[in-house]
Amino acid sequence: MLQSLIKTGPGSIELPRSPAPIVKANDLLYVHFERPDLGKQEQYLRDFGLIVVARTDKELFLRGTGSRPYVYRVTQGRHPRFLGLGLSVARSEDLQKLAKTFGRPIETADGPGGGSLVRLRDPESVEVDVLHGVAPSDALPTRPAIPHNAPSQVVRVNDTQRPALEPPQVTKLGHLVIETPDFDKSARWYMDTLGFIPSDVMCLPDGTPVGAFMRLDRGDEPTDHHTLFVATGLESKVDHVAFEVVDLDAVEMGQQVMMARRYRHAWGVGRHLLGSQIFDYWRDPWGQKHEHYADGDLFDAKQPAGYHILDRAGLYQWGPDLPDDFIDSRLTPRRLLTVLKTAVRDRARLRKMLALKESVAKPARPWR
């Protein structure tokens, strides 16, 4: 039923892959935020499980246990805001293509690991740094995933499970969720410019896409179900950033540590439906959501996109119900201005915004 709506429903469209993207990004390197207080943000991120690589009076760089030199950059500034993200490409020729297409210079990267970069802006002016030649760091020792005894598989005899009560080891930056008032334009830009391919597409009941889980195209090499989720929103913003940890015990220990530090919990522990990750979300001192996750799906380039009706229940398989404040749909003065401008300019887009808000507001589990 949904597939026929996507092809024939009023105003509905498919979200096909780009036949010839300018380049194909091959890794998500880092996210970049501005914060008024570096010390406060550093403490939060250390408790979350990240490791400080470098710090000055104006900059803070943190990493996980993997080989990326850093996965999180914080710049001292007046406003708590998202500044952008970094992606890598496999060849120097890819940077040259981007520089020529967008009329942007190739610069020397100023973060740990060095390399060269081209600074792009997506349709909502989010800065997207595309890098090549970043020197990897040595991976740090990481505990193996804890094996579990099961009725058909005994892996532990005369031994116990005693994981340490400490911040979980973050292995990598996994994905981020970007909201945009113009989903079609933003999603198309990331596919046509950087080669992202849709894994699962969220649709309104008439089949109109309003959100897409998108992964990197690495051909036959499996990659995360999504590195980027682009969603219709009331304004351009990042909803959350997500970091992989070793296993379920690491997610749960992360919750214990963050709870003890009295940070604000956002949602979890649960398991997502699309992507399958076991998740837990926490807010930093300025309200930005950060996710610990484990056990996500991996797809190669052959896997076709799935299409799904967007509703609150489709966000998770098990766990506590989605909190009412998890999706921030308040009409602030800035958002109200965006809505009014959209109403004048594009009534169809306004309808999508309002329908999206209504879809996730409905109760997810009638028996709860």
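1. Glu 221 is partly exposed at 45% relative accessibility, where partly exposed lies between buried (under 20% relative accessible area) and exposed (over 50%), using a 1.4 Å probe and protein chains only. Its side chain forms a salt bridge with that of Arg 218, at 3.7 Å from N to O; the rule asks for a side-chain nitrogen of Lys or Arg within 4 Å of a carboxyl oxygen of Asp or Glu. Arg 218 is also partly exposed, with 27% relative accessibility.

2. A word on the ground rules before going on. This is a predicted model, in which local features need pLDDT of at least 70 and side-chain atom pairs count only at pLDDT 80 or more, while totals for chains, interfaces and linings use all residues. Residues are numbered from 1 along each chain as its sequence is written, and side-chain values use heavy atoms, with hydrogens and water left out.

3. Back to the charged pairs. Side chains of opposite charge can pair when their charged atoms come close. The salt-bridge count is 24. One of them links Asp 300 and Lys 302, with N to O at 2.8 Å, and Lys 302 is exposed at 59% relative accessibility. Through shared partners, salt bridges also connect Glu 107, Arg 119, Arg 121, Glu 127 and Asp 129 in one network.

4. Which of the two partners is buried? Glu 42 is buried, with a relative accessible area of 12%, whereas Arg 46 is partly exposed at 39% relative accessibility.

5. For the overall picture, the protein chain has seven helices and 19 strands; these are DSSP runs numbered from the N terminus, with helices being H or I of at least four residues and strands E of at least two. Of its 368 residues, 52% are buried. Among contacts with a separation of 6 or more, 69% are between residues 24 or more positions apart, a contact being heavy atoms within 4.5 Å. The accessible surface is about 17100 Å², and carbon and sulfur atoms hold 53% of it; the areas come from the Shrake-Rupley method with a 1.4 Å probe.

6. Helix 4 deserves a look on your screen. Gly 195 follows helix 4 and has a positive phi, near 75°.

7. The largest nonpolar core has 59 residues, and the members touching the most others are Tyr 72, Leu 85, Leu 176, Tyr 190 and Leu 194. Such a core is a set of buried Ala, Val, Leu, Ile, Met, Phe, Trp, Tyr and Cys residues joined through side-chain atoms within 4.5 Å. Helix 4 gives the largest share of this core, six residues. A second, separate core of nine residues includes Met 202, Leu 204, Phe 213 and Leu 274. Leaving aside residues up to four places away in sequence, Leu 194 touches Val 23, Lys 24, Ala 25, Leu 87, Val 128, Val 130 and Trp 189.

8. There are 18 aromatic pairs, meaning rings of Phe, Tyr and Trp (its six-membered ring) with centres within 6.5 Å; planes under 30 degrees apart are stacked, over 60 edge-to-face and the rest tilted. Phe 33 and Tyr 72 are stacked, because their ring centres are 5.4 Å apart and their planes at 20°. Phe 33 is in strand 1 (residues 27-35) and Tyr 72 in strand 4 (residues 72-76), so the pair ties together parts 39 residues apart in sequence. Both Phe 33 and Tyr 72 are buried. By contrast, Tyr 190 and Phe 196 are edge-to-face, with centres 6.2 Å apart and planes at 85°.

9. Finally, some backbone details to check. A cis peptide bond joins Gly 268 and Val 269, with omega about 0°, and Val 269 lies in strand 15 (residues 264-271). Ser 276, a residue other than glycine, has a positive phi near 70° and is buried, at 15% relative accessible area. Asp 295 is not a glycine either, yet its phi is positive, about 65°; Asp 295 is partly exposed at 49%.
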